[in-house]
Structure formats: structure tokens, C-alpha cells
Amino acid sequence: MSNTEFLPIIQELGIGPIISKNMSTVNTILRKIRSDISDTSVFTFEEIDVDVLELQPDPGSKVTQLELSELSFPKESIVGVINHHGHISIAKGDSQLTEEDIALVFAKQSAFNAVRKLFRA
């Protein structure tokens, strides 16, 4: 992952060993892609068939109006980490995003469109 500020929280989530292994071969396992829909970053973990979307909510989007537990996220996805002005926290059911937050969403590719829709106004 290119943004090292998320590393402490990722280790707390218990996936640090997976990421550390992948970081040693970052050029072959991890890719950073810019979506043509927005500035959404996508990090791919090919070995575990999961991608990480880095998303910032649009003002008025569903994720800014309800707590995460009240939203209909696809079962193939989970909000893992929230960055609020440099304060990194693990997402919980009662977390609610603001338009100033950046969220890391772990998802299978089949869930991308539904996840992105929750972040758009």
C-alpha cells in the first residue's frame, strides 16, 4: 500500500502480516489504479481476491446521512478504516462518515459499483 499512514490501523485489524508480505513484492502484487469515474484509488491484493477502495463521500451521499450499520453495503464489502483529518480509526457500525473523510473499503470487484453508489450524491 502506498499510503503508510494506514499501516498501524491495518496491523490492528490483524491483516498486517498479509500486507507486509505483499509489500516486499509490491510491484507484482499491488497495483494502484485511478478510476475513470472519480479519483478513487484501487489497491489490489491478488493473492486474497480482495481490493481496497479509497473513497471520499460526496456531500449529501448516503454514507454521510446514516451510520454504517444502517446502510446496505454489499456482503462482499466492508468499510475497514476511516481517515478524518489525519485521525485514523477502525470503522464500526455506529460510525458515520462526513464529506471530509476518506474511507478504505475492502471489497470484491463484484461489489464496486454498489459501494461507489453509496459514496455518490
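User: How many bridges join strand 4 to strand 5, and which way do the two run?
Analyst: Strand 4 and strand 5 (residues 87-90) run antiparallel, joined by four bridges. Two strands are said to pair if DSSP finds at least two bridges between them. Helices (H or I, at least four residues) and strands (E, at least two) are DSSP runs, numbered from the N terminus. This is a predicted model, in which local features need pLDDT of at least 70 and side-chain atom pairs count only at pLDDT 80 or more, whereas totals for chains, interfaces and linings use all residues. Residues are numbered from 1 along each chain as its sequence is written, and side-chain values use heavy atoms, with hydrogens and water left out.

User: Which residue takes a positive phi in that hairpin?
Analyst: H85 does, with phi near 55°, in the hairpin of strand 4 and strand 5, which has two residues between the strands.

User: What about the overall pattern of helices and strands?
Analyst: The protein chain has four helices and six strands, and along the sequence they follow the pattern α-α-α-β-β-β-β-β-β-α. Among contacts (heavy atoms within 4.5 Å) between residues at least 6 apart in sequence, 61% join residues at least 24 apart.

User: How many bridges does strand 6 form with strand 4? And with strand 3?
Analyst: Strand 4 and strand 6 pair in the antiparallel sense over seven bridges, and V79 stands opposite V105 in strand 6. Strand 3 and strand 6 also run antiparallel, with five bridges; V52 has F106 of strand 6 as its bridge partner.

User: Is strand 6 largely enclosed or exposed?
Analyst: Strand 6 is largely enclosed by the rest of the structure, because six of its seven residues are buried. Buried means under 20% relative accessible area, exposed over 50%, and partly exposed in between (1.4 Å probe, protein chains only). L104 lies in strand 6 (residues 101-107) and counts as buried at 1% relative accessibility. The C-alpha atoms of L104 and E54 are 4.7 Å apart, although these residues are 50 places apart along the chain.

User: Moving on to packing: which residues have the most contacts in the largest nonpolar core?
Analyst: F73, V79, V105, V115 and F119 have the most contacts inside this core, which has 18 residues. A nonpolar core is a set of buried Ala, Val, Leu, Ile, Met, Phe, Trp, Tyr and Cys residues joined through side-chain atoms within 4.5 Å. Two or more residues come from each of strand 3 (50-55), strand 4 (77-84), strand 6 and helix 4 (112-119). Helix 4 gives the most, with four residues. Apart from this core lies another, of five residues, among them V52, V81, I88 and L104.

User: What is V115 in contact with?
Analyst: Leaving aside neighbours within four places in sequence, V115 is in contact with L53, L55, F73, P74, S77 and V105.

User: And S77, where is that found?
Analyst: S77 is found in strand 4, and it counts as buried at 12% relative accessibility. The side chain of S77 reaches the backbone oxygen of P74 at 2.8 Å.

User: Which residues of helix 4 are buried?
Analyst: F112, V115, R116, L118 and F119 are buried in helix 4. They lie on the same side of helix 4 because they cover an arc of only 155° around the axis, the arc being that of the directions from the helix axis to the C-beta atoms. The face turned away from this buried side carries the exposed residues N113 and K117.

User: What does L118 contact?
Analyst: Beyond neighbours within four places in sequence, L118 is in contact with S61, K62, V63, S72 and F73. The relative accessible area of L118 is 8%. The C-alpha atoms of L118 and K62, 56 residues apart along the chain, are separated by 5.4 Å.

User: Last topic: where is confidence lowest, and where is it highest?
Analyst: Confidence is lowest in strand 1 (residues 32-34), with a mean of 35, and highest in helix 4, at 95. These are values of pLDDT, the predictor's confidence in each residue, from 0 to 100. Over residues 17-37 the pLDDT is below 50, and this stretch has 36 contacts in the model beyond near neighbours in sequence. Where pLDDT is low, the predicted coordinates should not be read in detail. For the protein chain, the mean pLDDT is 75, and 60% of the residues reach 70 or more.

Note on methods. Polar contact = N/O pair within 3.5 Å; in protein donor to acceptor, adjacent residues only side chain to side chain.
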